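Please keep the viewer open and follow the selections below in the order given. Each stop names what to select and then states what is found there.

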Number of protein chains: 2
Amino acid sequence: MDIESYWIDKIKTTHIGDDGAVINKWVYAMDAFWEDTHFKKGWMSIEQIAYKAFIVNLSDMVAMNATAKYMLITVAFPKDIKKKKLDRLSSKLNALAKEYNIEIIGGDTIGSDKLGITITMIGTTKTPLKRDNLKSGDIVAYTGTLGTVKRDLDRLFSGERIEDSSKFYKPELRIDFIKAVTPWLSAGMDISDGLYCDTNKMLKCNNLFMQELKVIPKEIGESGEEYEMLIAFNPKHLNRVKRIAKLTQTPLTIFGKATDKRQDFYPCGSQHF
Amino acid sequence: MDIESYWIDKIKTTHIGDDGAVINKWVYAMDAFWEDTHFKKGWMSIEQIAYKAFIVNLSDMVAMNATAKYMLITVAFPKDIKKKKLDRLSSKLNALAKEYNIEIIGGDTIGSDKLGITITMIGTTKTPLKRDNLKSGDIVAYTGTLGTVKRDLDRLFSGERIEDSSKFYKPELRIDFIKAVTPWLSAGMDISDGLYCDTNKMLKCNNLFMQELKVIPKEIGESGEEYEMLIAFNPKHLNRVKRIAKLTQTPLTIFGKATDKRQDFYPCGSQHF
């Protein structure tokens, strides 16, 4: 068990498990984006760091079918950081808050060698999308195309540059699709640790297994930080789900069917470096 | 202007200013407790670090007259941290959550050279205690005794040990006093940056000054991280406030009177190291 799973296991909570905690129509999520945990110096501009820190939190809201309303931001930066850099960081965060109609309501600052942003995001939902309602027989699918983030991360690690349009910098959230499709889904979550790991998580918390309908190669299954959506639904909703995917221009790949017959899980190591 | 104030100034929010943000009877606060920002290696046991990270957040709730209900916790620790240390950290946080009837609903982990805990605390209040209702003529007072934290911090910096009972390790929150006295207060906040700085903050956000009724020496005025309460109230409530202080065994020191007549503010540097 990796150290993060060990920690989560030790903390007593009834809510950890979903992308966010749901309490009376409110959804809470807290995610950090931190130098040397999620990115290395030189990989990203300060604006790209701000964007990614924001979007991984927004992804939790989308994955829970919630609309983000408020956020608290704690930023770690060196004491000798240039004011111009702070201006760029705050401008980007302010612009994102404005664009998504989210109010920044608090936070903190830390003196640190490493740059890091921790955000708590708070949203509302009438119909939360959870991951524990998966039923045997449900179709399992993912949105978009997977694999480019792993490819781009490999490139960054080997010192190459990647395109500004890379999904490592700019994940594509499926806001409209999830809003429209949630009533027909039995389970959903974002793909942050990779399709293999995240599918396993969804199956395990429902005590189910999966019959593979499409072979998922390693370069797709092990690509983390995709922030596409993993969804599951009763086969009777297939046409409706497909129609909503088409209307919202969301590529959808069906790759499995949940089953209570024991099967091997996907191989799943720790995806963080 | 120090770098933290510069940052806060740049982030667009209508809520930063109080110890927490109030939205529809809910109060939100986020505070970090981080190695080399708030403590140095060797100063504290892992339990003391957990306690302090928790209590500085709880202090924000108390200062807003809110009852904490939920929290999200992000922890930074080295990848090679011993599981036993993680067990001690999680045990302490779980025990504190239980003791104060707070549910841990989420969080994140970060790989880091430094140990750090960032908490978002969420509480409820029917009568939030804000800092922007101070009126000219109001009496300004603080709870408890101030000064020992600065003394103990100075000792820690010079390599000495301090008592386990030090208020640097164990701030004394004024939960019962604030709950009972809030209806009679015009303003209140916790003393985290020191009495000088925090009094100035309260005065400035109300465009008021202070007539000093009692001289506050430097060793008291510049002692930060006290987490005692700074309060203000109309003189007509003096006896009632004094009675509640007595009932809840809360030492109370009246040291000033708010005025609209221009006076010099206290000297106030940055209190964080």
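Predicted model: local features only at pLDDT ≥ 70, side-chain atom pairs only at ≥ 80, totals over all residues.

Next, go to Glu225(A), in the loop between helix H7 (218-221) and strand E9 (229-233) of chain A. Here too phi is positive, at about 55°, although Glu225(A) is not a glycine. Is this residue buried or exposed? Glu225(A) counts as buried because it has 22 C-beta neighbours inside 10 Å, and the threshold for that class is 20 or more.

Now colour chain A by domain. The assignment gives domain 1 as residues 3-124 and domain 2 as residues 139-259. The C-alpha centres of these two domains of chain A are 22 Å apart. Where they touch, 14 residues of domain 1 are in contact with 15 residues of domain 2 in chain A. On the domain 1 side of this contact in chain A, the classes are seven nonpolar, four polar and three charged residues.

Move to chain B and display its strands. Five of them form an open sheet of mixed pairing, in the order E1-E2-E5-E3-E4. The edges are strand E1 (21-23) and strand E4 (103-111) of chain B, each of which pairs on one side only. On average, neighbouring strands of this sheet are turned by 15° against each other, direction ignored.

Within that sheet, select strand E3 (residues 67-77) and strand E5 (residues 116-124) of chain B. These two strands run antiparallel and are joined by nine bridges. To inspect one position, pick Tyr70(B), which stands opposite Ile122(B) in E5(B).

Finally, select helix H2 (residues 46-63) and helix H3 (residues 83-99) of chain B. Their axes come within 9 Å and cross at roughly 35°. The crossing of H2(B) past H3(B) is right-handed. Which residues of H2(B) meet H3(B)? From H2(B) they are Ile46(B), Glu47(B), Ala50(B), Tyr51(B) and Phe54(B), which meet Lys85(B), Arg88(B), Leu89(B), Lys92(B), Leu93(B) and Leu96(B) in H3(B). By class, this contact of H2(B) with H3(B) has seven nonpolar and four charged residues, with no polar ones.

Definitions and conventions:
Residues numbered from 1 in each chain as written. Chains lettered and ligands numbered in written order. Axes fitted to C-alpha atoms, helices over the stretch in contact; angles between N-to-C directions. Helix = DSSP H or I, 4+ residues; strand = E, 2+ residues; numbered from the N terminus. Left-handed = near helix turned anticlockwise from the far one by under 90°. Contact = placed C-beta atoms within 7 Å. Nonpolar A, V, L, I, M, F, W, Y, C, P; charged D, E, K, R; others polar. Domains from an automatic or database assignment. Pairing = 2+ DSSP bridges. Buried ≥ 20, exposed ≤ 12 C-beta atoms within 10 Å, placed from the backbone.
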